[in-house]
Amino acid sequence: MTLVVGFAPDGRGRGVLHLSAMLARSTGDDLVVCAVIPAPWPPSPARVDAEWRAEVEHLANDALDRARERLPEDIPARYLIHHARSTPAGLLEVAEEHEANVLVTGPMGSTTGRLLHTSPVPVAISPRGFRCPPDARVTRVTAAYAGADDDLVVAAAAVAARVGASLRIGSFAVRARPPYTSGVGRTADDAMLADWVREIESAARSTLDTVGHLPDVPRALEAVVGHGESWEEALEDVEWHDGDVLVVGSSSAGPVARVFLGSRASKIVRHSPVPAVVVPRGVAVELAEEAAAPA
Amino acid sequence: MASLGEQFLRRKPVGVMAEETGADTEGGELKRTITLFQLSLFGIGATIGTGIFIVLTEAVPIAGPAVVFSFVFAGAVAGLTAICYAELASAVPVSGSSYSYAYATMGEGIAMIVAACLLLEYGVSAAAVAVGWSQYLNELLDNLFGFTIPESISNAPEADGVINLPAIVLIVLCATLLMRGASESAKVNAVMVLIKIGVLVLFIAVGLTGWSSDNLSDFTPFGVNGITSAAGIIFFSYIGLDAVSTAGEEVHNPRRNLPLAIITALVVVTSIYLLVALVAVAAQPLADFEGQEAGLSAILESVTGSSWPASVLAAGAVISIFSVTLVVIYGQTRILFAMARDGMIPPFFHRLNPRTLTPVPATIVVAILISLLAGLLPINFLAEMTSIGTLVAFLIVSIGVMVLRRTAPDLPRGFRVPLYPIVPLASIAGCIWIIQDLRAVTIYVFFGWSAVALVWYFFYGRHHSLLGRSSS
């Protein structure tokens, strides 16, 4: 299995390398580190842009050299330059060509944003400034849970069991206070929210129960709820430590097996203090079925 | 310290170029993957279009119906120059623009002059094309919504306006896309070519219904002089043919296929142009051409009395000219990049945005300059400046081919001009003939511009040249 790593030709984005090393070490996959540069254009034998093109290729090679220096030596990795009309399109092409099971990319921006909307494989996103020791592994997988995504939790559990990590179900209660002018008081919604939290906690317990009966069970199981007035606060409300990875499901229920990130999921990804992996529904269902089947 | 003469003539070693462009000179050759058919299509696609949408309005009043001969003449010269350029390009085993080829074969000073010509061939032509675009846009808006952008903000001062705002908007739009790293896929490019050919065929078919032999009764009202004068502006519509010339390394049997592809492309393009021109001059009296905006659309409208064929043509022009503008501005910024890398212009021009990898500062400067040209100058002047720039660049190339045969007879050439020395001599004569018939103002401005380039070279280029600094 392969992780395809998008590495910007400008050589920034160390976080991506740290994250891909951590993931590869945990899963035993190899890496394909890829710098995407513009495809030749316009389609004509006249190459008035030869010098510029050469410079861009040179920059990409330099960036890959730097990536080679920074990645721990014991992780098998290939390095390549790919020509494409856009970075997201290029990464998807490489992912398809190498049958990648995860695409690793940098913090939310135009490239990551577009990948999340078009990638048929899970996308791992390094938070801004992400660093980890060279021998870091994934020790805990947190599945973002809103009450109805059992497949995602089971899929996350299967991966957690495989890499020897524990599983945590994380739900996030974001309570935006009603404005003063609404006249119902600043705490009017609190009762509603409390109800929601109770429901989610019981749903999480029953899902954990399902996970407990899988053929392969993660090291440990727990469920938490984070509270806050914003997604950022709610995410900060639960404790995180090194080796944590947050798994978020896509919100698409349609037949198209692509990541389509709902507004909630994209907010979670944006504010996640730990690396997030966005899993398309189709992939989650597949992984969950595999996990449930007796080996 | 090298003397001025030595500086002017110092050539960039091919090895250095190969290193810079990453070309593999050890293996010797690129894969020869392009067939004659493909190369001819490339040539047709690169050449056809834009110019023909604009030039008739300017050329017919100069030549009358005999403008068809101007097309043949301009096409023949374009073909000869393209064949000469092919020999020069084949002598340098790496790819680049004619600036790069000139630098490797004829020396730094000549390369600077060629670069000055390329600024006209790209920068000024982008302005000309943008002005043409604004005319077709106005035509389209008028037909579809009965609304036109006021004269004062859609025309240059000389054409009774203040500034051509739509043209500026187009340039800013293209530059913005380019800075973000946008490009066109091969598929979109092919569609653009088909749109251009499609609307020209539409023009021929519909315009034919308005054929009136009366309009052709006085076929050559301005004699031979009119024909060659008009050829100067018309040459504009053959720019792009030289794209074929640089494919010597990649085409099977270049000796046979390169000239054949150039001739095939030329025959196809010229035939379409001739039909368009003939239909146009037969459709309306000579006097109607002068000052006609969005010429082809206007003719269709008066021929059919209905607006839809004109609207289709205008829409096709608006879409395809947009794509051409994008390509031309792209080319300009990349040529400046190469020059800046050589130290001929300030390093500012080869600064890349680390995220998009595009030369953002250069693109901004280019967009501002082209916007000023497009906003303030009339289209006939811009078209003529483009023509003269391209013609002089090819004139230098043709002379260069002959000089190099004498001074560097052993230079390995992948392609040699057939019928030497007739072809380069004819090419030189053709270029000079067309140039001397251009309007005096065009020629003076061109000399002025060349002088600026030489002064720039004298005070900046020769001191900052990377080649000079590395050898001393």
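**Tour of chain B: helices α8 and α14**

Begin by selecting residues 165–179 of chain B, helix α8, and residues 360–376 of chain B, helix α14: their axes come within 9 Å and cross at roughly 170°. Axes here are lines fitted to C-alpha atoms, for helices over the stretch in contact, with angles from 0 to 180 degrees between N-to-C directions. Because angles over 145 degrees count as roughly antiparallel, α8(B) is roughly antiparallel to α14(B).

On α8(B), select B:Ala167, B:Ile168, B:Ile171, B:Val172, B:Ala175, B:Leu178 and B:Met179. On α14(B), the partners include B:Val360, B:Ile364, B:Ala367 and B:Ile370. By class, this contact has twelve nonpolar, three polar and no charged residues.

The model is predicted: local features need pLDDT of at least 70, side-chain atom pairs count only at pLDDT 80 or more, and totals for chains, interfaces and linings use all residues. Residues are numbered from 1 along each chain as its sequence is written, chains are lettered from A and ligands numbered from 1 in the order in which they are written, and side-chain values use heavy atoms, with hydrogens and water left out.

Finally, colour by burial: 61% of the 472 residues of chain B count as buried, that is, under 20% relative accessible area with a 1.4 Å probe, protein chains only.

Note on methods: Helix = DSSP H or I, 4+ residues; strand = E, 2+ residues; numbered from the N terminus. Parallel < 35°, antiparallel > 145°, perpendicular 65-115°, else oblique. Contact = heavy atoms within 4.5 Å. Nonpolar A, V, L, I, M, F, W, Y, C, P; charged D, E, K, R; others polar. Buried < 20%, exposed > 50% of the residue type's maximum accessible area, 1.4 Å probe, protein only.
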